Amino acid sequence: MGTAPWPLRRWGVFTIACALSVPSALLAQRVEVEEHVLENGLRLLLLPRKGDPNVAAGWVARVGSVNERPGITGLAHLFEHMMFKGTRVIGTRDIERNLEVMADLDRVKAELAREEEALRSRQRLGEAPEPARPEDLSVRHRELLEELAALAKREQDLLVKNEFDRIYTSAGASGLNAGTTSDYTIYFVSVPANKIELWFWLESDRLLNPVFREFYSERDVVREERRMRIESTPTGRFQEEFDALFWASSPYGWPVIGWPSDIEAITRDEALEFFGTYYAPQNITTCLVGDFDPARALELARKYFGRLRRGPREPPLVRTREVRQLAERRMTAQAETKPQARIRFHTVPDGHSDEPALVLLGEVLSGRTGRLYKALVLGSQVANDAAAYQRGLKHEGYFEAEGVAKPGKAPEDVERALLGELDKLKSELVSERELQKVKNQRAAGDFRRLRSSFHLLLQLLGRDASRSWKTINTDPPRFEAVRAEDLRRVAESYFRPENRSVILYHTQPPPAGAPGPKETKSP
Amino acid sequence: MKPRPAPAAVAIALAAGIAASSVAIALAAASSAAEDPAGRDAVVPHPRDLVFPELRFEPPDRAKHRHELPSGPVVYVVEDHELPLVDVTVHVRGGSYLEPSGKAGLAALTGSQIRSGGTARWSPEDFDEELAFLAATMSSSIGDTEGSASFNCLSKDLPRVLDLFSDMLWSPRFDPQRLELKLSQDLQDLARRNDQTSAIEAREWERLLRGSGFFTTDRVTKATLGTISREDLAGFHRRLFHPRNFVIAVAGDVDARGILDALEGSLKDWAREDWPGGPIPPVPKPAAVPAPGLHVVDKAGDAGGKAAVNQGRVSIGHRAATRDHPDFHALTVMNHILGGGGFTSRITSRVRSDEGLAYSAGSRLELGVHFDGTFRAFFQSKSETVGRAARIVLEEIERMRKESVSGEELETAVNHVIGSFPRLFATPQLVTSAFASDELTGRDAAFWRTYREKVRKVTAGDVLRVAREHLKPEALVVLVVGDAAAIEKGGLRDAVEGKVPGAGKVRRIPLPDPLTLEYPGGD
């Protein structure tokens, strides 16, 4: 633990100035976080910062869709929604009756699941249509649905609606939200500087005794979220299918939001088990960034989060690794979108020693002065847009290059041109100036990322979920140390034909009678 | 190289930065913590029992940061030396309403090409390279009523980047090749503008509310882009970009005197030049009166029989007052309760939490600056339940006008608006951008000073009165985009008939030809 009078301790201007001309210069800033681990294993990161009278506050659980299995895909995300439904104290008029109604609901739901399975087996034989019509349901099935609706109504009557939100909102807090990724789940809010104790109260309470109210209607909300994000957008479902194609064995192959069949069937018991396994304090990091006194915050953390009991077992490790790819895979899609090509290679996870070179390679290729723009957009004019990037996930990683065909050109032309640029990187070294340019941009970007307390919070938590918050200070020198030869070497190692998957989008012809442009159809 | 202040001096400078917004916070008394040792006994049973120290906050004073340059512009400067970064934005009056007839798209094109097309001294490629190597970001754009150009750079590079920026502002080259590329990209975008239901919804909503010819509606076609020449861009640029039309915002690691001198130095010769077409004429108001009723856009499936989108997007609302209306504060509170306050608001609570009918549901009330604003309630729901959700939204609009809101609802909304007020000034960039915007649009400096007091005085009676005056059932426009047949089968018309004038008859809006914007069957 270190105490810093100023959160962001800088090395000084001379280092910053030199970073732009001397490649080996030390990097610019250090973020001095005060780190504590409570007895129950919960981690606490404190970064006091003068400025506006607010505190960005949040916590991360090291659990995401990668921790799911077939049958419960989407549970990590659905669970995130459930964490806003209150506790034994927050959100109800009468907790005992509330729990009784919830038990009744679960009982009806379980019986309903059996009816659904009976219907499903008839559908498997082709004896009932998909989707089923009301008249395809058994009498008991329909009765149960009515019972369920009546119980949901009774539950509503026992609720103090959205009390968790109301307390924060009324306190002047803003930006209350949460997010789920394949690797972690993050919960955050910005509270007025005088109300950090409220944050400790509410967050420790929902980790201590959450109650998953309105479980079944929230499942419907998540189905609508899936329709909005994936099913009703021109390329959402194709991208999802491309992910499933790219990952043969890894759990990154299913979508974070889950497959529809699973979202519709996940039970409250499964959610509770998930909570017990992954939301134990030793699997959580909390963090405050902003205008507060760290000594007081530590005191409050011990008082509130100290109430949580360490989980009896450590969360299980993610076991399934991606198998090595043996042959190129490809998809050719007809979609309501511009003709385009995406090429994706298996690479390395977040933090791997090859990652800095792959990230810089992506930056050498991208942007207005990047190689792809110069070669494909301004030069051969095969594309109207092009970019590339490395994405390191916790357990695996990939590199993607993509481009939009110029009208009159085909996605195949873009694919060829992208591969041509990637091939050049295997044989020729990038120039020192190109490399220095992207390093300069990273160095300036390291400052820009510190401007908002809220974004700093997200970075610290995201990093702590994967490796450690300390990587915010230890990663920049690793990027600074990359040499042109490293870029060539990683290009050669990873940009191999048998290691890639390709998706080509052709523009889908408009339906008969509907207006559509003639010119932009791809050949 | 300019010497940088040592850390101690940074601390002093930072404190001076905060003086922009005088903050006084009495952190929780140390004594109470000392006599109240950490332990679960000390946790109050409900957060309503927590006691918070007082938080005093005064918004920054506009007059203290305002400077007038002899060359014409008003400049706002907020110094902040925490990070070695500087932001400069030049705002200009004027926008697409000044496009000559038949040249829709000229404003946006000019806005993009100021930055992309090089300068008299610099080719576009060299200009991009120079900025990229300095790791500076620079951009320009022109919208409907305002334009802007801005940059962010490391403070050590400020003189160099300011020089490049002035060059770009004063003498953009409008390079023909870059213009051709942009036109190719724009045409490709036009061709795809019927792909996304969200884009269709935004376009048709604006047309319904403002009338199809008004300058805020989408009027860009292949033909209008075809008439635009490089000379048009140069002329439009000269008309908007003149020092006498500038409001400049500067935030970050600068010395106020130094940057004012530097700006004056680069603008004074320009200010003596002629300003063709200046000063800028006022923004016109829409002539058309929106027709209430039920409007449906059918997003049909493809020729191969692939299903249409499975979720309908819905907007319900009408035109609203301007922001100088005396009911401004009461209206803010009213909409917070109706649909603007997230989960604590009525529409979100009923459509999402109670019924699970949507992921996103709520309402926005945007009071106009130059002409009428808009009130819009919105949601996205699966086709079958669009009608049910629409019924709920209409009920809630009606209930706002019939009954007084509860004391708790009023308190939540008022407390939130007041409590989150300091967030509006959370960074120096937010402060200068609020000042510049107020200057540009002529908002009184007293607005922020009296804001919280006026919100605090809003009563339940005020909320009921403004709901009755400003929510207008007789003017409701309902727009639905999605699979029309499935949505209508779900009972949409029954849901709105009798509540929305003329809703007995569904008006179908066909998809226009994306390149000509011609609507089949006339418009």
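In chain A, if we take the contacts between residues at least 6 apart in sequence, 80% of them join residues that are at least 24 apart.

For 523 residues a compact globule would have a radius of gyration near 24 Å, and the 26 Å of chain A agrees with that. Of those 523 residues, 62% count as buried, while the accessible surface of the chain comes to about 20,500 Å², with 52% of it belonging to carbon and sulfur atoms.

Now to confidence, as promised. The average pLDDT of chain A is 91, and 92% of its residues score at least 70. Over residues 1–27 of chain A, however, the pLDDT is below 50, although this stretch has 66 contacts in the model beyond near neighbours in sequence. Residues 518–523 of chain A also have a pLDDT below 50, and that stretch has 15 such contacts. Where pLDDT is low, the predicted coordinates should not be read in detail.

P131(A) sits in the loop between α3 (95–124) and α4 (139–158), and the peptide bond that joins E130(A) to P131(A) is cis, with omega at about -5 degrees. P339(A) is in another loop, the one between β9 (329–335) and β10 (340–346) of chain A. Is P339(A) buried or exposed? Its relative accessibility is 3%, so P339(A) counts as buried. From P339(A) to E412(A) there are 73 residues in sequence, yet their C-alpha atoms are 9.4 Å apart in space.

Let us turn to chain B, which has 20 helices and 14 strands. Its radius of gyration is 26 Å, close to the 24 Å given by the globule rule for 523 residues, so chain B is as compact as a globular protein of that length. Along the principal axes its C-alpha atoms fill a box of roughly 75 × 70 × 40 Å, and buried residues make up 58% of the chain. The accessible surface of chain B is about 21,000 Å², with 52% of it from carbon and sulfur atoms, and the mean positions of its 64 positive and 71 negative charges lie 3 Å apart.

The element of chain B that I would like you to find on the screen is α5(B), which is mostly covered, with nine of its eleven residues buried. Among the buried ones are P124(B), F127(B) and L131(B), but also the acidic residues D128(B), E129(B) and E130(B). What do the buried residues of α5(B) pack against? On the side of chain A they meet α13 (371–379) and α15 (432–448), and within chain B they meet α4 (106–116), β6, α6 (158–170) and α7 (176–191). Directly after this helix comes A135(B), with a positive phi near 60 degrees, even though A135(B) is not a glycine. A135(B) lies in the loop that leads from α5 (124–134) to β6 (137–142), and at 3% relative accessibility it counts as buried.

A positive phi of about 60 degrees is also found at L517(B), likewise not a glycine, in the segment after β14 (506–509) of chain B. Chain B has a cis peptide bond as well, joining G278(B) and P279(B) with omega at about -10 degrees, and P279(B) is in the loop between α11 (256–271) and β9 (293–298).

I will finish with F425(B), in the loop between α15 (407–419) and α16 (428–441) of chain B. This residue counts as buried because its relative accessibility is 4%. Leaving aside neighbours within four places in sequence, its contacts include F57(B), P59(B), P60(B) and W448(B). Of these, P60(B) is 365 residues from F425(B) along the chain, with 7.8 Å between their C-alpha atoms.

Technical notes
Residues numbered from 1 in each chain as written. Chains lettered and ligands numbered in written order. Predicted model: local features only at pLDDT ≥ 70, side-chain atom pairs only at ≥ 80, totals over all residues. Heavy atoms only, no water. Rg over C-alpha atoms; globule rule 2.2 N^0.38 Å. Buried < 20%, exposed > 50% of the residue type's maximum accessible area, 1.4 Å probe, protein only. Contact = heavy atoms within 4.5 Å. Areas by Shrake-Rupley, 256 points an atom, 1.4 Å probe, with all protein chains shown as cover. pLDDT = per-residue confidence, 0-100. Helix = DSSP H or I, 4+ residues; strand = E, 2+ residues; numbered from the N terminus. Lys, Arg positive; Asp, Glu negative; His and termini not counted. Charge placed at Lys NZ, Arg CZ, Asp CG, Glu CD.
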